[in-house]
Amino acid sequence: MPKARKQFGQHWLKSEKALNRIVSSAELTESDRVLEIGAGTGILTRQLISQAQAVVAVEIDRDLCPILVQKFGKYENFLLLQGDFLTIELDDLLAPFPAFQNPRKVVANIPYNITGPILEKLLGTISDPNPKPLDSIVLLLQKEVALRICANSNSSHYGALSIRVQYLADAEFISDVAAKAFSPPPKVDSAIIRLKPRAIEHPANDPRKLETLIKLGFSSRRKMLRNNLKSAIELEPLNALLESLNINPQARAEDLSVKEWIALSNAFNPDTPAHNIH
Ligand code: SAH
């Protein structure tokens, strides 16, 4: 087993149970094209190759690529791209390989230090969603982040990340994975999640405004929402606005569901003087 490199967030999965759970959660069929981010030594890659029509693996570590080629080069449904997933232009790189174009599912044990940027590349953002939403994304990631992604309002893990992801996808916590399932074990616990990207039923009228409001609203977690939004709107019109939406004026940002955030954004007009609100 090659020595794991810290700089690339390398932790080799060794638990068969966790491996099986990841693969079964992806619900692969023989017609699926799959993208794997960070193939490592190929423990997950091997399963994907046996179950999917085509597997595109991206691996940043040049030293691992010959190992992957040696193991899987003989399979016609396997394509390895050496590079940084965050910066590669997947569509361009896959242009010469019709059988591997447009993978619709992602399955990956990702490097934890770049979880946010990976999610953003896969899902896009509230104001700039991925124009070609994926069918499903199964990830093994840091448990704390998994809980935040999947949390509902009023739970201690719910925050800006929950809203940003759930605006773009259904998010499901699949299972815990203990640190000892890896070699070397990471310092944190892990978990498997499944995201199913979809268009939200009632999108925000102005997604950029919603993004700004979320950012402002969660800027200080201990404060009431109205205090975090002070710089954008006067207290009185905001109180009236919250009441008109049936939101307690003393609510904190984490008390508002995704729907309530969208409603707030749609009704929010920072230029509205107090007497015009009703
Ligand atoms: N899938 C393997 C390895 C997981 S560790 C297993 O389950 O055992 C994470 C992997 O992502 C490592 O192989 C690491 O080299 C790779 N990696 C880290 N940063 C990357 C990036 N920006 N782009 C592509 N791969 C990356």
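**View 1. Who lines the second largest pocket, by class.** The residues around the second largest pocket split into eight nonpolar, six charged and two polar. This is a predicted model, so keep that in mind for every view here. Of the 16 lining residues, Leu90, Asp91, Lys121, Asn130 and Lys132 come closest to the centre of the second largest pocket. Its volume works out at about 370 Å³.

**View 2. The helices beside the second largest pocket.** Two helices show up here with at least two lining residues each: H4 (90–94) and H5 (115–123). Which element gives the most to this lining? That's H4, with three residues.

**View 3. The largest pocket and its centre.** Now for the largest pocket, with a volume of about 460 Å³. It has 30 lining residues, and the ones closest to its centre are Phe8, Gly38, Glu59, Asn109 and Pro111. Sorted by class, the lining of the largest pocket comes to 16 nonpolar, eleven polar and three charged residues.

**View 4. Strands and a helix along the largest pocket.** Strands E1 (12–13), E2 (33–37) and E3 (54–59) each put at least two residues into the lining of the largest pocket.

**View 5. The ligand in place.** Where does the ligand sit? You'll find the ligand in the largest pocket. Strands E1 and E3 are the elements that give two or more residues to the shell around the ligand. That shell holds 22 residues, and Gln10, Gly38, Glu59, Asp84 and Asn109 are the closest. Gly38, Glu59 and Asn109 also turn up among the residues closest to the centre of the largest pocket. By class, the shell around the ligand has eleven nonpolar, seven polar and four charged residues.

**View 6. Backbone atoms facing the ligand.** Zoom in on Leu13: one of its backbone N or O atoms is 3.0 Å from a ligand oxygen. Over at Gly40, a polar backbone atom lies 3.3 Å from an oxygen atom of the ligand. Ile60 pairs up with a ligand nitrogen instead, with a polar backbone atom 3.4 Å away from that nitrogen. How much of the ligand does the protein bury? On its own, the ligand exposes 570 Å², and the protein buries 98% of that.

Terms used
Residues numbered from 1 in each chain as written. Predicted model: local features only at pLDDT ≥ 70, side-chain atom pairs only at ≥ 80, totals over all residues. Heavy atoms only, no water. 1 Å grid on protein atoms, 1.4 Å probe; cavity = no way out; pocket = protein on both sides within 12 Å on 5 of 7 lines; lining within 4 Å. Points joined across faces, edges and corners; volume = space filled by probe spheres on them. Helix = DSSP H or I, 4+ residues; strand = E, 2+ residues; numbered from the N terminus. Nonpolar A, V, L, I, M, F, W, Y, C, P; charged D, E, K, R; others polar. Near = heavy atom within 4 Å. Polar contact = N/O pair within 3.5 Å; in protein donor to acceptor, adjacent residues only side chain to side chain. Areas by Shrake-Rupley, 256 points an atom, 1.4 Å probe, with all protein chains shown as cover. Sits in = over half its atoms within 2 Å of the grid points.
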